[in-house]
Amino acid sequence: MFAPIDWAVIGLYLGFALLVGFVVRERAEQGRHSYFIADRSLPWWWAGVSIAATTFAADTPLAITGIVANRGLSGNWLWLSWLLVHAGVAVVFARRWWRTGVVTDAEFIALRYADPLAPALRSFRALLFGLVYNAIILGWVLRAMSKIVKPLFPWDEWMPGVVAAVGSLMPAGSALGGPSELISLIVLIGLVAGYSYLGGIRGVIVTDLVQFAVGLAGSIWLAVAAWQAVGGHAGLVDGLHRLYGEHPETLAFFPTTGRSWVDALGIGAFTLGLYLLVQSYANVPSDGGGYLQQRLNSTRSERDATKAATLFLGLQYLVRVWPWFVVALAALVIAPIGAEGANLPPDLAQVVAADREMAYPALMFHLLPAGVLGLLVVSLLAAFMSTIDTHFNWGSSYLVTDLYLRFRPDASSRQQIRVARAGVVGFALLAILVGMQIDTIEQAWRWVAFLGASLGVPTALRWIWWRVTAASELAGALAGLATATALILWSDAPYEVRLVWISAMSTVGLLAGIALGPTVDRSAVERFRAKVRPIGFWPGVPIERAAAQLARATGRVAALALGVVAALWLGNQLLFG
């Protein structure tokens with residue numbers, strides 16, 4: 001399947017990734033701030049590109065290929081809606097995250113609150129994001145990668161004895177496939193854990209820079225090949241109409257009621273709007289916390305943090321989406337639904353017929369020459385590695401900062417690094433165990449979205465309203481999670497409706513916690529305000545001034561988001577209109 005030059009390209013890339021960890025390991029060993037936020041010394045464009053690399057997982061182009069096949073281009077608003085939160089990060093939160101100086105978003109709680117439940121909330125969020133949320137994401141990324149590595153590394157031909165031994169130890173019906181796929185994943189995870197273990201966040205970000213460049217170059221190359229294969233714009237549009245009839249939803253960019261997948265949900269325009277709003281912060285922390293905050297706090301200044309967030313926004317929504325869209329639409333013509341074998345070799349046609357998402361790697365093998373194919377395989381490996389290396393390092397940051405140091409505040413830098421590296425190894429093992437239990441990627445996405453919807457409103461309001469306390473934030477989160485559990489167990493309502501209900505009940509829990517919970521510690525509020533300089537409703541700020549601040553910030557976020565949407569629409573018109 002691969003020519004020698006393809007194997008050479010793959011080997012060079014994997015060797016480079018491990019070498020980076022050895023090169024930067026000494027700087028990573030100076031303490032937890034060095035290991036997790038690089039002593040706040042990184043250039044802004046390093047951080048921005050690294051965020052973009054992390055959000056480009058190996059499953060991303062495959063998932064988009066499946067979305068377009070099932071829902072058309074407009075189906076991508078299931079994740080394009082995230083740009084509202086990312087615009088808010090660029091305009092409002094990036095500079096304020098930098099001012100906090102925290103290593104994790106759970107550590108932020110100690111800065112923001114002083115009421116008795118603050119330690120409990122900090123532990124709750126550290127465990128929820130550092131362990132549960134992180135493990136689910138790692139599991140689904142491995143689940144997606146197991147589909148990709150299956151045809152790439154035939155271990156049953158190379159080492160049949162090892163494959164048989166691994167197969168005897170695997171549980172029956174593993175979601176990660178057979179023993180050959182598991183061996184491939186173990187090798188890749190071991191490599192990622194190696195450079196993450198040695199180099200900390202510097203090792204992660206340096207490899208991210210190369211991984212993003214390779215991933216973008218590979219996706220563009222495949223898009224050009226697919227575009228030429230279908231005959232350009234005219235061939236693509238004519239082919240879609242010839243094969244599927246006059247279905248405007250295939251190329252329609254905006255989701256609307258009255259056509260295709262929106263009608264299938266059984267919801268109206270208002271519910272659709274509410275759902276997309278909740279979806280914008282259900283999969284992404286509403287204040288840009290998590291690994292975004294970690295990258296922003298790794299930069300040299302608050303201005304650099306803002307520039308990093310803005311660069312990420314542009315790369316995420318205006319640059320790399322178009323190659324994926326082109327390949328997804330071209331796949332509908334080259335491998336038509338229901339007749340995948342029309343233009344593909346029998347082995348590839350069988351794979352695509354069983355799983356439309358696999359049309360992306362199938363087109364790689366079908367359209368690309370030797371050498372270039374190796375580059376595309378490297379681009380998928382890079383996307384996989386750039387995601388899990390971040391989650392290994394990010395998960396370990398909670399373990400050290402929010403759990404270990406609270407019980408061992410006198411721990412030396414060497415002890416902290418030792419615990420951090422143990423965390424990297426632990427998350428590598430956890431990723432494999434969770435990946436074996438996740439039946440579908442969609443199932444994992446929904447679990448993450450339910451967690452995000454439970455926390456979204458409390459997380460955002462704590463930055464702009466002084467009355468929010470640790471008790472009320474915890475009440476909002478628990479109300480949302482309780483609602484999610486009840487809906488999962490006893491409701492057959494559409495996922496979209498359940499997501500709106502979870503967010504609504506989380507908001508009710510927050511307001512109840514404010515009304516019935518403990519009073520606010522004014523001194524803690526003043527310390528937070530002096531350090532972070534937030535906008536909104538704070539003691540001593542006239543209501544008219546606070547409202548004007550929020551109106552200006554909302555207007556800037558809306559203008560940035562609408563500008564991105566307009567650019568996306570224009571690009572869609574130029575390519576597919």
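The protein has 26 helices and zero strands, where helices (H or I, at least four residues) and strands (E, at least two) are DSSP runs numbered from the N terminus. The model is predicted, so that local features need pLDDT of at least 70 and side-chain atom pairs count only at pLDDT 80 or more, while totals for chains, interfaces and linings use all residues. Residues are numbered from 1 along each chain as its sequence is written, and side-chain values use heavy atoms, with hydrogens and water left out.

The predictor's confidence in each residue is given as pLDDT, from 0 to 100. The mean pLDDT of the protein is 82, and 88% of its residues reach 70 or more. Confidence is lowest in helix 13 (residues 260–265), with a mean of 61, and highest in helix 16 (residues 302–319), at 94. Where pLDDT is low, the predicted coordinates should not be read in detail.

Of the 577 residues in the protein, 60% are buried. Buried means under 20% relative accessible area, exposed over 50%, and partly exposed in between (1.4 Å probe, protein chains only). Contacts are defined by heavy atoms within 4.5 Å. Among contacts between residues at least 6 apart in sequence, 83% join residues at least 24 apart.

Grid points are joined across faces, edges and corners, and a volume is the space filled by probe spheres set on the points. For residue classes, Ala, Val, Leu, Ile, Met, Phe, Trp, Tyr, Cys and Pro count as nonpolar, Asp, Glu, Lys and Arg as charged, and the others, Gly among them, as polar.

The second largest pocket has a volume of about 610 Å³. Its lining consists of 21 residues, of which Phe93, Ser286, Ala460, Thr554 and Val557 lie nearest the centre. Two or more lining residues each come from helix 6 (83–100), helix 14 (269–282), helix 22 (441–461) and helix 26 (543–576). Helix 6 gives the most, with six residues. The lining has 16 nonpolar, five polar and no charged residues.

Three cavities of 30 Å³ or more were found in the whole structure. The largest cavity holds about 80 Å³ of space. It is lined by 13 residues, and those nearest its centre are Phe129, Tyr281, Val284, Pro285 and Gly452. Helix 8 (118–149), helix 14 and helix 22 are the elements that give two or more residues to this lining. Helix 22 supplies the largest share, four residues. By class, seven residues in the lining of the largest cavity are nonpolar, five are polar and one is charged.

Pro285 is located in the loop between helix 14 and helix 15 (291–296). Its relative accessibility is 17%, and Pro285 therefore counts as buried. Pro285 touches Val85, Phe129 and Tyr133, not counting residues up to four places away in sequence. Val85 and Pro285 are 200 residues apart in sequence, and their C-alpha atoms are 7.9 Å apart.

The second largest cavity contains about 50 Å³ of space. Residues lining this cavity include Arg112, Asp115, Asp521, Ala524 and Val525. The lining has six nonpolar, one polar and three charged residues.

Ala524 and Val525 are also among the buried residues of helix 25 (residues 522–532), together with Phe528 and Val532. These four cover an arc of only 100° around the axis, which puts them on the same side of helix 25; the arc is that of the directions from the helix axis to the C-beta atoms. Cover for the buried residues of helix 25 includes helix 6 and helix 7 (108–112). The face turned away from the buried side carries the exposed residues Arg527 and Ala530. Just after helix 25, Arg533 takes a positive phi of about 55°.

In helix 18 (residues 346–354), the buried residues are Leu348, Ala349 and Val352. Seen down the axis of helix 18, they fall within an arc of 100°, so they line one face of the helix. What covers them includes helix 19 (359–367). Pro346, Gln350, Ala353 and Ala354 are exposed on the other side of helix 18.

How values were computed. 1 Å grid on protein atoms, 1.4 Å probe; cavity = no way out; pocket = protein on both sides within 12 Å on 5 of 7 lines; lining within 4 Å.
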